[in-house]
Amino acid sequence: MKFSAPLFVLFLLLASCHSKNASKQQLVTERIQYDVPISTHDPELDWWVRNIEGSKRETFVKQIVSAVEDGKVKAYDFFTNSEFTKEEIKNMLCKVDTLTVERFDGTLVDTAVKKELQLKDICRMRFLEEWSINPKTLEMQKRVLGICPIAEKRAENDSILGYQPLFWVFFDAEYPNKLKLSNQ
């Protein structure tokens, strides 16, 4: 059986169109936001559950915080989506509070207390993503639009008070403007 060249070319074109269509992604959601624990204190869990191994976690967190501190990437306020200044970032990462302390002789003295954010305090990352799916294979694709480090806040007795989102770093040029428009 002989194949003619035009018929063979037509077959290749149809086959290539079919394979392109098979890999088309359908948008599941333009935006989804969720927290991922990156450090757990639960000894009952396997080390990799809700956890990134210590040195890798520290490197990951340090890369993000250092890039923001050095001004290599823009950081945005979690609540208002407005851009932080370098001074605001500095103040967020290292707070200086003034406390009034009473001495033994009864006099009051103002004392400066410096509290620096420790990398180990960042125990979660909040992700803003776009999700797509291939309807034929159910293969998911996630595109990270932004990431927000979240610090654990503890009381003096070491009980957890809550979690504080620090700042957004966006990887899509449309953000944070797209969020500002959707919040109006």
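# A tour of the predicted model

Begin with the cysteines: the count of disulfides (pairs of cysteine sulfur atoms within 2.5 Å) comes to 0. A disulfide is a covalent bond between the sulfur atoms of two cysteines.

This is a predicted model, where local features need pLDDT of at least 70, side-chain atom pairs count only at pLDDT 80 or more, and totals for chains, interfaces and linings use all residues. Residues are numbered from 1 along each chain as its sequence is written, and side-chain values use heavy atoms, with hydrogens and water left out.

Stop 1: Select Cys123. Is Cys123 buried or exposed? Cys123 is buried, at 3% relative accessibility. Buried means under 20% relative accessible area, exposed over 50%, and partly exposed in between, using a 1.4 Å probe and protein chains only. Now select Cys94. Cys94 is partly exposed, at 22%.

**Stop 2: a helix pair.** Select helix α2 (residues 54-69) and helix α3 (residues 86-93). Helices here are DSSP runs (H or I, at least four residues) and strands likewise (E, at least two), numbered from the N terminus. The axes of α2 and α3 lie 9 Å apart, at an angle of about 140°. That makes α2 oblique to α3. Angles under 35 degrees count as roughly parallel, over 145 as roughly antiparallel, 65 to 115 as roughly perpendicular, and the rest as oblique. Axes are lines fitted to C-alpha atoms, for helices over the stretch in contact, and angles run from 0 to 180 degrees between N-to-C directions.

Which residues of α2 meet α3? Show Val65, Val68 and Glu69 in α2; they meet Lys86, Ile89 and Leu93 in α3.

**Stop 3: the core.** Stay on Ile89. Leaving aside neighbours within four places in sequence, Ile89 is in contact (heavy atoms within 4.5 Å) with Val68, Glu69, Ala75, Phe84 and Phe167. In the largest nonpolar core, of 18 residues, Ile89, Met125 and Phe167 touch the most other members. A nonpolar core is a set of buried Ala, Val, Leu, Ile, Met, Phe, Trp, Tyr and Cys residues joined through side-chain atoms within 4.5 Å. Helix α2 gives the most to this core, with 4 residues.

**Stop 4: the loops.** Go to Asn81, in the loop between α2 and α3. Its phi is positive, about 60°, although Asn81 is not a glycine. Asn81 is buried, at 3%. Next, pick Leu138, in the loop between β4 and β5. Leu138 has a positive phi too, near 65°. Leu138 is exposed, at 59%.

Finish at Pro176, in the loop between β7 (169-170) and α4 (177-183). The peptide bond from Tyr175 to Pro176 is cis, with omega near 10°.
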